[in-house]
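Biologist: Show me the model, please. I want to ask what the terms rest on.

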Amino acid sequence: MKNSKTAIITGADRGIGKAIAEYFAANHHHVIIAEIEERLGRDTQNSFRKQGGNATFIKTDVSDVNDIEKMTELVMKETGRIDVLINNAGISRFELIESITIENWDLIINTNLRSAFFCAKEAAKYMKERGGAIINIASTRAIMSEPNSEAYAASKGGLIALTHALAASLSPYKIKVNCISPGWIETGDYVKLRSDDHAQHFAGRVGKPQDIAEACLFLASEKSDFISGANLIIDGGMTRKMVYEP
């Protein structure tokens with residue numbers, strides 16, 4: 001269906017990425033599932049199609065720039081357009097400063113940060129004619145930390161800076177670029193959460209993947225055409241809640 005809008009979502013086979021893909025498929029987008037895990041990617045594609053959604057899985061290792069280039073070329077052959085790019089793929093590894101290797105540091109930075117730039121670079125080539133929307137999924141870890149999270153925090157902080165830089169560079173082409181920083185988004189068994197978990201949030205509950213998906217759909221729509229270069233923190237107020245230790 002080359003007349004429907006096309007949305008590329010990296011890491012769309014589970015958790016937040018899958019919820020985003022579901023929302024876009026349900027709202028008349030041709031969803032591109034750019035994912036490294038072939039079995040999970042094809043299962044997600046087939047699940048969406050059974051529900052009446054328009055979805056295509058393209059095996060993609062976002063840490064490999066050549067894979068990114070091939071993926072966007074295949075998208076253009078399949079759909080003829082790219083309207084939305086959501087850079088969601090990412091990995092999280094916490095390691096002691098004294099033991100983290102160069103290889104693991106580079107893997108996290110290349111998967112979480114470098115990939116977002118090169119996905120944006122390639123997608124923008126095809127967005128320039130009619131405009132589009134790029135959304136980077138960062139994290140509140142960019143502004144708050146636990147020990148041994150240096151590589152992950154650096155990658156997510158870099159995504160926020162990359163967002164406003166891309167927004168400036170791509171603004172002449174009517175391509176808006178924004179960032180979402182999720183807080184605690186439970187992708188496991190929500191009912192197992194404790195009342196104390198929910199109480200850590202001004203919103204009175206832990207977040208769900210759908211909270212991020214709805215925000216992505218808004219930022220990708222014409223309703224948000226005055227928003228670009230922004231970082232939207234979606235955390236139920238958790239990072240603004242003052243906690244006193246007894």
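Modeller: Start with the lining of the largest pocket: helix H1 (15-26), strand E2 (29-35), H4 and helix H5 (150-170) each supply at least two residues. Helices (H or I, at least four residues) and strands (E, at least two) are DSSP runs, numbered from the N terminus. This is a predicted model, where local features need pLDDT of at least 70, side-chain atom pairs count only at pLDDT 80 or more, and totals for chains, interfaces and linings use all residues. Residues are numbered from 1 along each chain as its sequence is written, and side-chain values use heavy atoms, with hydrogens and water left out.

Biologist: Which element gives the most to that lining of the largest pocket?

Modeller: H1, with 3 residues. The largest pocket holds about 1,300 Å³ of space. Of its 45 lining residues, Ile16, Ser92, Ser139, Tyr152 and Lys156 are the closest to the centre.

Biologist: What makes a space a pocket and not a cavity?

Modeller: On a 1 Å grid over the protein atoms alone, a cavity is a set of points where a 1.4 Å probe fits but cannot get out; a pocket is an open set with protein on both sides within 12 Å along at least five of seven lines. Lining residues have an atom within 4 Å of a point.

Biologist: How does the lining of the largest pocket divide by class?

Modeller: Into 18 nonpolar, 16 polar and 11 charged residues. Ala, Val, Leu, Ile, Met, Phe, Trp, Tyr, Cys and Pro count as nonpolar, Asp, Glu, Lys and Arg as charged, and the others, Gly among them, as polar.

Biologist: Why is H4 called roughly parallel to H5?

Modeller: H4 and H5 pack at about 15°, with axes 8 Å apart. Angles under 35 degrees count as roughly parallel, so H4 is roughly parallel to H5. The axes are lines fitted to C-alpha atoms, for helices over the stretch in contact, and angles run from 0 to 180 degrees between N-to-C directions.

Biologist: What makes H3 roughly parallel to H4?

Modeller: The axes of H3 (residues 65-79) and H4 (residues 102-127) cross at roughly 30° and come within 10 Å. That angle makes H3 roughly parallel to H4.

Biologist: How do you know which residues of H3 meet H4?

Modeller: Contact means heavy atoms within 4.5 Å. In H3, Val65, Ile68 and Met76 are among those that meet H4, whose partners include Phe118, Cys119 and Tyr126. By class, the contact of H3 with H4 has 8 nonpolar, 2 polar and 4 charged residues.

Key. Parallel < 35°, antiparallel > 145°, perpendicular 65-115°, else oblique. Points joined across faces, edges and corners; volume = space filled by probe spheres on them.
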